[in-house]
Amino acid sequence: MNVLKALILLFIVFSRVNAEGVTQSQLPVSERFYSDRLDLQVEIRAVEHFMAINQLQHWNVSLMRLDGTPIVIESLTFDGGMPAHRHGLPTTPKVVVAESGAEIRGIRFSMPGVWRLVLGIETKDTGVILQFETDLRYGQAPSFISAEFREL
Amino acid sequence: MQSDQHKSILWLFTTVLLFLLILLVGIKEYSSSGDSDVAGETIWSHEELALLRSLALSTGNKPHSFEQQTNKFASSPAAAAFGHRLFFDTDLSRSGATACASCHHPDKAFTDGLVHPATHLQPAPRNTPTLVGAAHSPWQFWDGRSDSLWSQALEALESPLDHGMSRSEVIQLIKKKYRTDYEALFGMLPASDDSAAIDRAFTNVGKAIGAYIARLEPAPGRFDRYVAGLVGSLDSAAPVERLTRTEIAGLKLFISDEKGQCISCHNGPLFTNNEFKSINVPDFSGSDRGRLAGAEEVLRNAFNCLGEFSDSEEESCGDLIYIKQNDPELTAAFKVPTLRNLSFTAPYMHSGIFPRLADVLRYYNHPLQRAGDHLDIVPLDMFPHELEQLEAFLMTLDGGINVDLKWLKPPDNGRQQFSNSEVLRATQAGFQRPEAPQVVVISSQH
């Protein structure tokens with residue numbers, strides 16, 4: 001009977017994988033970028049629609065040491081676009097920095113393809129620019145193809 | 001002995017089940033790799049299938065209705081019925097000769113077949129856009145200077161180039177002709193000297209018209225049925241739709257990253273990302289600022305999502321709150337139009353400059369490029385046969401309007417400017433192909 005149960009379970013799991021290859025629950029909701037040299041990591045996270053195409057989304061941005069110690073963000077800038085299509089962001093995202101954390105509101109990716117995004121982060125002691133590129137495709141998890149940290 | 005027999009039966013049953021499972025996996029893999037055109041040789045990858053699914057109607061895609069965000073009457077059948085009567089009524093104009101339907105003909109997917117309306121005498125007149133599926137756009141007009149169907153209707157009612165009525169005149173007409181319809185929905189009509197209440201009543205008239213237009217949903221075309229068959233969401237009673245080899249080739253070009261790249265802007269079930277793009281399509285003045293001005297105007301518009309007449313909560317107005325403005329990229333940028341029902345919406349582009357779809361595709365092949373201009377497209381550089389394939393694919397998006405025929409006919413009280421024979425050609429399943437529109441042909445070189 002265990003064999004039968006295993007087969008039924010296998011069948012149920014298989015049938016839940018839809019034609020998009022990735023189920024909604026398998027799509028990520030955050031991404032982290034690390035710098036050994038600067039002893040920093042940056043996390044971007046969205047409650048809904050993280051990196052989804054044509055969905056307005058809001059990100060929480062966290063800055064930490066590599067060991068996870070949080071660093072307070074004092075100011076944040078955000079810009080980006082699609083170099084291959086020679087255009088910038090389709091919206092004007094707004095940045096909110098508070099003691100509880102930093103937020104970028106009103107991000108939208110209007111096209112599939114490679115987006116270059118730039119975050120300028122300032123803390124009490126230092127400043128850093130994180131530039132990364134991500135390739136967005138329908139029904140697939142975003143593919144982060146490059147990331148670079150620069151000191152301000 | 002009996003136990004051995006049970007074990008044998010169980011193993012036999014398990015083996016059969018395993019065989020069936022393997023068979024099922026095989027069938028699923030085969031169907032997802034997409035053998036589906038007339039020649040039975042089209043292969044679609046999982047990624048391509050995901051893309052096709054995101055484009056199709058009837059595959060679980062339910063486009064968001066922006067009208068419902070700001071118009072609480074958007075789903076009301078009574079409001080839509082009232083709006084339907086207003087839409088076809090020529091009394092709703094200073095001249096007594098102009099209705100909404102004067103420029104938005106049901107048998108042309110609610111366009112007019114003209115380069116631009118004859119009354120639009122401004123330096124850079126624009127082509128009449130379709131209303132079918134317009135509820136799914138966060139922006140109305142080619143420059144997006146309105147952010148709802150109802151506010152778009154209100155501008156047309158007041159514009160001297162369209163209906164040319166004052167707010168008081170509109171309310172006087174409602175009192176005279178539609179008091180019962182109005183008051184059943186919105187309550188008592190205001191006194192003539194109460195301007196704030198007249199503004200509110202005027203808004204309600206727009207919301208009734210918006211509720212009618214919001215009903216004009218595009219019907220699935222051959223493309224949608226084809227994709228439904230591929231992804232297994234087709235009604236079992238429905239026949240499997242096939243696309244021709246040429247149409248499939250056009251679809252491949254349409255979604256290609258390297259070749260067509262059409263999908264970059266024409267995505268989602270309405271085939272638009274609702275953005276504004278500059279592609280240097282000639283207009284009649286060369287001075288149309290497009291979205292650069294439209295973004296300023298929608299922010300000033302008293303009837304926008306954030307205004308006092310909107311039924312929306314502030315947090316639902318994200319498109320307006322985070323609007324892109326004051327950016328050189330928006331200069332002469334215009335709304336990316338839907339590609340559904342293109343057979344019925346000629347001539348094309350914001351200036352109506354191209355009489356045929358083939359002219360549009362030829363322009364994309366070699367767009368006007370001037371030093372210093374921001375251009376959102378690169379030349380397609382396709383062979384003529386590839387342009388024909390693209391056009392063949394685009395025709396598979398024709399599906400007509402997914403609404404009961406009664407909504408496409410003038411209601412009984414409408415003035416008789418629009419005969420039933422004129423609009424009856426529209427059907428739920430699709431239209432007849434209209435005659436080629438009479439347009440002025442202007443070379444794209446000028």
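Guide: Helices here are DSSP runs of H or I with at least four residues, strands are runs of E with at least two, and both are numbered from the N terminus. The model is predicted, which is why local features need pLDDT of at least 70 and side-chain atom pairs count only at pLDDT 80 or more, while totals for chains, interfaces and linings use all residues. Residues are numbered from 1 along each chain as its sequence is written, and chains are lettered from A and ligands numbered from 1 in the order in which they are written.

The buried residues of H9(B) are B:Phe223, B:Asp224, B:Arg225, B:Tyr226, B:Val227, B:Ala228, B:Leu230 and B:Val231, and the helix they pack against is H2 (46-55) of chain B. Just beyond the end of H9(B), B:Gly232 has a positive phi of about 75°.

Between them, 15 residues of domain 1 of chain B are in contact with 14 residues of domain 2 of chain B, where contact means that the C-beta atoms of two residues, placed from the backbone, lie within 7 Å. On the side of domain 1 of chain B that touches domain 2 of chain B, H9 (222-231) and H10 (245-255) of chain B each supply at least two residues, and H10(B) gives the largest share, seven residues. Sorted by class, this side of domain 1 of chain B has nine nonpolar, three polar and three charged residues. In this sorting, Ala, Val, Leu, Ile, Met, Phe, Trp, Tyr, Cys and Pro count as nonpolar, Asp, Glu, Lys and Arg as charged, and the others, Gly among them, as polar.

Now turn to H4(B), which is mostly covered, since eight of its 11 residues are buried. These are B:Ala79, B:Ala80, B:Phe82, B:Gly83, B:His84, B:Arg85, B:Leu86 and B:Phe87, and the buried residues of H4(B) pack against helix H7 (179-186) and H8 of chain B.

Two packed helices are described by the angle between their axes and the distance between the axes. The axes of H4(B), residues 77-87, and H8(B) come within 7 Å and cross at roughly 100°; the two helices are therefore roughly perpendicular to each other. The axes are lines fitted to C-alpha atoms, for helices over the stretch in contact, and the angles run from 0 to 180 degrees between N-to-C directions. Angles under 35 degrees count as roughly parallel, over 145 as roughly antiparallel, 65 to 115 as roughly perpendicular and the rest as oblique. Among the residues that meet are B:Phe82 and B:His84 in H4(B) and B:Ala208 and B:Tyr212 in H8(B), and by class this contact has 10 nonpolar, three polar and one charged residues.

H8(B), residues 195-213, also packs with H5(B), residues 149-158, at an angle of about 120° and with axes 7 Å apart, which makes H5(B) oblique to H8(B). This crossing of H5(B) and H8(B) is right-handed, a term for a near helix turned clockwise from the far one by less than a right angle, with anticlockwise giving left-handed. Residues including B:Trp150 and B:Leu154 in H5(B) meet residues including B:Phe202 and B:Ile213 in H8(B), and this contact of H5(B) with H8(B) has seven nonpolar, four polar and one charged residues.

B:Trp407 lies in the loop between helix H14 (384-395) and helix H15 (420-423) of chain B, and it touches B:His84 and B:Arg215, leaving out residues up to four places away in sequence. B:Trp407 is partly exposed, with 19 other C-beta atoms within 10 Å.

Note on methods
A residue is buried if 20 or more other C-beta atoms lie within 10 Å of its own, exposed if 12 or fewer, and partly exposed in between; C-beta atoms are placed from the backbone.
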